[in-house]
Amino acid sequence: MTLENISCQKSFGGWHKRYRHRSSTLNCDMVFAVYLPPQIEQGEKLPVLYWLSGLSCTDENFMQKAGAQRMAAELGIVIVAPDTSPRGAEVPGDPDGGWDFGHGAGFYLNATQAPWAQHYRMHDYVVHELPALIEASFPVSEQRGISGHSMGGHGALVCALRNPGRYRSVSAFAPICNPMTVPWGEKAFSRYLGEERSQWRAWDASALLAEATERLSILIDQGDRDDFLITQLKPETLEAAAKASSHPLTLRRQAGYDHSYYFIASFIEDHLRHHALALGRSVD
Ligand SMILES: N[C@@H](CCC(=O)N[C@@H](CSC=O)C(=O)NCC(=O)O)C(=O)O
């Protein structure tokens, strides 16, 4: 596997880098970003937090707007931010030109329907191909955490719930909690997975949580001034599933916050500490 370094900036004593590579899972070239904290140069194998961004994002939104680098440098956590879908001229996008399906909207699932199934396999990319590449290319351990925002917050929950034992920590900002029942999810699932709704449950965080066997503690922050809260996100559904199955969930409703990266930047430190604790880093 060849990695092409396309940019490099020093940040808080560590390095923000972007790489291009060929993905055999997605059948296209992909770009991801990685933040390597200063401890990486001391020969210590560091844990990795995977960050999954939301609709319309690339690898750049989180790295430029969340302000995570200072704490990641302090805690000694590598952060990897993949793109949000397969990309390129050979990858079909939304035939209607929308931003909530196709390019920038891979939903971190494995599509089963033509023509999407040939490229849209973001779950396998994020859970398997990318970590294998990261673990072979950088001095990191196999201790993994996963987090994300909105579509990516849902993606993080689903990756953790579908793969018990693979992640030591999980959290989310304003995740889509029950995509089977909201417009963003219905549009994406009906095309990627087909019209048979029973097939959707395997990619819905609330449905998966109801049947989870691993009790990985979940941290979620949700702004109460989020324009998508009622129509698209539905945290109460996940909360009810967690309650019914006694799954550990801390869902914090944050007064006055919206859906933006201003909200994420306000609470990213708490999430990094949540992950650091589970990933065996010392947290003061
Ligand atoms: N492009 C759209 C706005 C889409 C949007 O709000 N995207 C959110 C994630 S929404 C759920 O997945 C986002 O993270 N945007 C990027 C950012 O940097 O804020 C439009 O133009 O309306």
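These exercises walk through the sheet and helices of one predicted model.

Residues are numbered from 1 along each chain as its sequence is written. In this predicted model, local features need pLDDT of at least 70, side-chain atom pairs count only at pLDDT 80 or more, and totals for chains, interfaces and linings use all residues, while side-chain values use heavy atoms, without hydrogens and water.

**Exercise 1.** Work out the strand order of the open sheet.

Step 1. Helices (H or I, at least four residues) and strands (E, at least two) are DSSP runs, numbered from the N terminus.
Step 2. Two strands pair if DSSP finds at least two bridges between them.
Step 3. The order is β1-β2-β3-β5-β4-β6-β7-β8-β9, with mixed pairing.
Step 4. β1 (4-11) and β9 (249-254) each have a single partner strand, so one side of each lacks a neighbour in the sheet.

**Exercise 2.** Describe how β2 joins β3.

Step 1. β2 (residues 14-23) and β3 (residues 28-36) run antiparallel.
Step 2. Nine bridges link them.
Step 3. Ser23 has Cys28 in β3 as its bridge partner.

**Exercise 3.** Find the buried residues of helix α5 and what they pack against.

Step 1. Buried means under 20% relative accessible area, exposed over 50%, partly exposed in between (1.4 Å probe, protein chains only).
Step 2. In α5 (residues 183-192), the buried residues are Trp184, Gly185, Ala188, Phe189, Ser190 and Tyr192.
Step 3. Contact means heavy atoms within 4.5 Å. The buried residues of α5 pack against α7 (229-233).
Step 4. Just after α5, Gly194 takes a positive phi of about 95 degrees.
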